[in-house]
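Have the sequence and the model open side by side as you read.

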Amino acid sequence: MAAKSDGAAAAAGPEPEGVAGGPRGGAGGRGEAAAVAGGAGVTEAGGPGPRYELRDCCWVLCALLVFFSDGATDLWLAASYYIQGQRTYFGLTLLFVLLPSLVVQLLSFRWFVYDYTDPAGAPGPAVSTKDSSVGGPVISTKDSATAFRTKEGSPEVGSRPAPSSAHTYRRRCCRLCIWLLQTLVHLLQLGQVWRYLHALYLGLQSRWRGERLQRHFYWRMLFESADVSMLRLLETFLRSAPQLVLQLSLIVHRSNSDSDSDSSSSLFQQLPVFSTFASLLSLAWTLASYQKVLRDSRDDKRPLSYKGAVVQVLWHLFTIAARSLAFALFASVYKLYFGIFIVAHWCIMTFWVIQGETDFCMSKWEEIIYNMVVGIIYIFCWFNVKEGRSRRRMTLYYCIVLLENAALTGFWYSSHNFATDRSLILVCVVASSFALGIFFMCVYYCLLHPNGPMLGPQAPGCICPEAPGPCGPPADAVTSPPRSLPRTTEREGATVGGERPGTPTPPVFQVRPGLPATPVARTLRTEGPVIRIDLPRKKYPAWDAHFIDRRLRKTILALEYSSPATPRLQYRSVGISQELLEYETTV
């Protein structure tokens, strides 16, 4: 759910005194930032960056295996329903496969179109250059029509020889092939597979290339991993979650009838079991993978280890299994009331998320859609969407889920009088599965949480433990920045970015000069550029703006590629008069 912001500004300039910055740890939690206020322990720009390891590659391959197993079992089951003449079940199973896939493929292709389209037919990143009033180059995406690739020591920014006609022809043919390939991939519903493979390729390139290109490819790999994790989260809860409840309901309904006794029907009954387990594993894996990529993308949070990710998979696997089985038992008897219960639960959870004032997307309407999707997730499992300690909110949520599971299972049990103890066994399965899920949740928070054991001394959430102050914005900072960004215009008399009418509008993206035009009282460190983003930083568990806003992403990638040293990112501090550093990192 990315949006193109019209008022986001990013600037690259010298690093001020007191800036803390260092290389961020890799995706597997292999490193930590040496960021200390005042510059103590600061790593030089261009130092060794994060490294893509074998376990990162194995994690992506396992994610691909989970994706294919989920889709293949669902299609296999739909074909079996069609062969058996169960047209209603065939239609529902196929609907839960195709409709979410089409939605996700459209979103993925929309991202590709924006990432690969240049404004005004420009052949490169949406960046142009001109001279600033202070003697340094200004990089702007406001009305850009040309591309740039600057190098340190180049005589003049933007002075590039015109490409030859043969080079232009080859470039156009290459772009046409890429467009045709991406169109074919998304028509075949394989957009996420392409993104998984692309992330794997970028990670391997970051391991094999030189130091400068290694950082660039690792940066791109993080972006691609963020995209595919968001797409998978959306697809699994639109496809796998309803598919799981549907197939469990059919299993329970068939287990209570004695009409199916031949061997062919016995084989037929095993297919919903395979589909159910694949959907359940897909849901648990996607949630754990999303949390891992989200933590790895933020320098103000400690990375999630693979042990913690596996325990999270088990935690969500058993809690969602208990939840889905309770749904299936109740839906097998009370179909109408089950639909009313699901709609009511979704409305309550969505209202709960909205009143929490989440700050995930870059526009208001996308934030509303995001809240509605989170409401669907809350039907099945816990999903943190607000900064701060989530212990009380999570305890309240699981108490509600426990009561609902007990009520749904109790209504189903009281409506049946079985000659066997099968009903009692199913009730015990619901209870024991939920208890196992809570057990693995406690193991995660007590032993494997990135901030340390819950019952013991905890490390600070930020990866700057030496900093004397708290990580994050000042106390008077705005905790919930506006979701709708101000539109940058140059019309006379229009309000621009909250300024008075007639105030000149600065360029959207600026590269600030290496040295100030006038002397200042403090000493400036110039070993690395700083990309300054004129937006307040979103708080965890939201993604940073440069992961959501694709315009920021394209510009940062262009600046990072053209810079001889790894640039650092600096968001705007809110609520104070001076421009202070909210965070800065080397990726």
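The largest nonpolar core has 105 residues. A nonpolar core here is a set of buried Ala, Val, Leu, Ile, Met, Phe, Trp, Tyr and Cys residues joined through side-chain atoms within 4.5 Å; buried means under 20% relative accessible area, exposed over 50%, and partly exposed in between, with a 1.4 Å probe and protein chains only. Phe237, Trp315, Phe327, Tyr378, Phe383 and Trp543 have the most contacts inside this core. Helix 5 (residues 211-255) supplies its largest share, 18 residues. Helices (H or I, at least four residues) and strands (E, at least two) are DSSP runs, numbered from the N terminus.

Before going further, please note that this is a predicted model, in which local features need pLDDT of at least 70 and side-chain atom pairs count only at pLDDT 80 or more, while totals for chains, interfaces and linings use all residues. Residues are numbered from 1 along each chain as its sequence is written, and side-chain values use heavy atoms, with hydrogens and water left out.

Now to the charges. Side chains of opposite charge can pair when their charged atoms come close. Counting a salt bridge as a side-chain nitrogen of Lys or Arg within 4 Å of a carboxyl oxygen of Asp or Glu, the total comes to 18. In one of them, Asp544 meets Arg298 at 3.2 Å, N to O. This pair links distant parts of the chain, 246 residues apart: Asp544 sits in the loop between strand 5 (525-536) and helix 12 (545-548), and Arg298 in the loop between helix 6 (263-297) and helix 7. Asp544 is buried, at a relative accessible area of 1%, and Arg298 is buried, also at 1%. Asp544 forms a salt bridge with Arg537 too, with the closest N and O atoms 2.8 Å apart.

Next, look at helix 3 (residues 165-187). The buried residues of helix 3 are Gln182, Val185 and His186, and they pack against helix 2 (87-116) and helix 4 (191-208).

Finally, find Ser332 in the loop between helix 7 (306-331) and helix 8 (335-355). Ser332 is buried because its relative accessible area is 15%. Leaving out residues up to four places away in sequence, Ser332 touches Ser249, Val252 and Trp412, where contact means heavy atoms within 4.5 Å.
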